[in-house]
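The sequence and the structure follow.

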Amino acid sequence: MGSKRKAEDEGKPAKRAKGEDGEAVEATEAPAVRLSIPIAHPSANDHENLTKKVLSLVKYATKNKSMVRGIKEVTKIARKGKAGKNALVVLAADISPLDVISHMPMLLEEKGVQYIWVPSRSDLGAATLSKRPTSAVIVKSVPEDKQDSMKKVMKVVGKLHA
């Protein structure tokens, strides 16, 4: 048990450091850098509060059971044309390797489905009320009380595509 803890601690930076006067000071860890793939356009970061609005729509669609998650399922729905014009595909921009999702933008544009990139797949997974990170989600519809919000987001996404 002791060796397991020691192995885990070796990769972590020290939590304590000495200040100028020799007193112990808590060291701060550098924030994790979120990488974005080069094809991640249009990004929800391009517009004020759009990421938050998109993720809240995903959460409402999840509660309403009107969304599908996962690259394989989203691709299948888009290819068969079952997405509809009012659907919104949300893609995560921190996917590695790029080849996993590189076909999606072209497929979605060909089928006329709007899509938007969000910075983190862990945030997207949390919005789907799952513990697992999610790379792609298609929002088919949202509850009646959120239709206005969906229309506003779709309008902004449409402007970002233009």
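## Strand β4

Strand β4 (residues 88-92) is mostly covered, with 5 of its 5 residues buried, where buried means under 20% relative accessible area, exposed over 50% and partly exposed in between (1.4 Å probe, protein chains only). Helices (H or I, at least four residues) and strands (E, at least two) are DSSP runs, numbered from the N terminus. The model is predicted: local features need pLDDT of at least 70, side-chain atom pairs count only at pLDDT 80 or more, and totals for chains, interfaces and linings use all residues. Residues are numbered from 1 along each chain as its sequence is written, and side-chain values use heavy atoms, with hydrogens and water left out.

Leu 88, Val 90 and Ala 92 point one way from β4, while Val 89 and Leu 91 point the other way; all are buried.

## Pairing of β4

Two strands count as paired if DSSP finds at least two bridges between them. β4 runs parallel to strand β5 (residues 114-118), joined by 5 bridges, and Gln 114 of β5 is the bridge partner of Leu 88.

With strand β6 (residues 136-139), β4 pairs in the antiparallel sense over 4 bridges. There, Leu 88 stands opposite Val 139.

## The nonpolar core

The largest nonpolar core has 46 residues, of which Leu 91 and Ile 116 touch the most other members. Such a core is a set of buried Ala, Val, Leu, Ile, Met, Phe, Trp, Tyr and Cys residues joined through side-chain atoms within 4.5 Å. Leaving aside neighbours within four places in sequence, the contacts (heavy atoms within 4.5 Å) of Leu 91 include Ile 101, Met 104, Leu 108, Ile 116 and Trp 117.

## Helix α2

Helix α2 (residues 50-63) has buried residues Leu 50, Thr 51, Val 54, Leu 55, Leu 57, Val 58, Ala 61 and Thr 62. They lie on the same side of α2 because they cover an arc of only 155 degrees around the axis, taken from the directions from the helix axis to the C-beta atoms. These residues pack against β3 (67-69), β4, β5, α5 (121-127), β6 and α6 (147-161).

The face turned away from the buried side of α2 carries the exposed residues Lys 52 and Lys 63. Just after α2, Lys 65 takes a positive phi of about 55 degrees.
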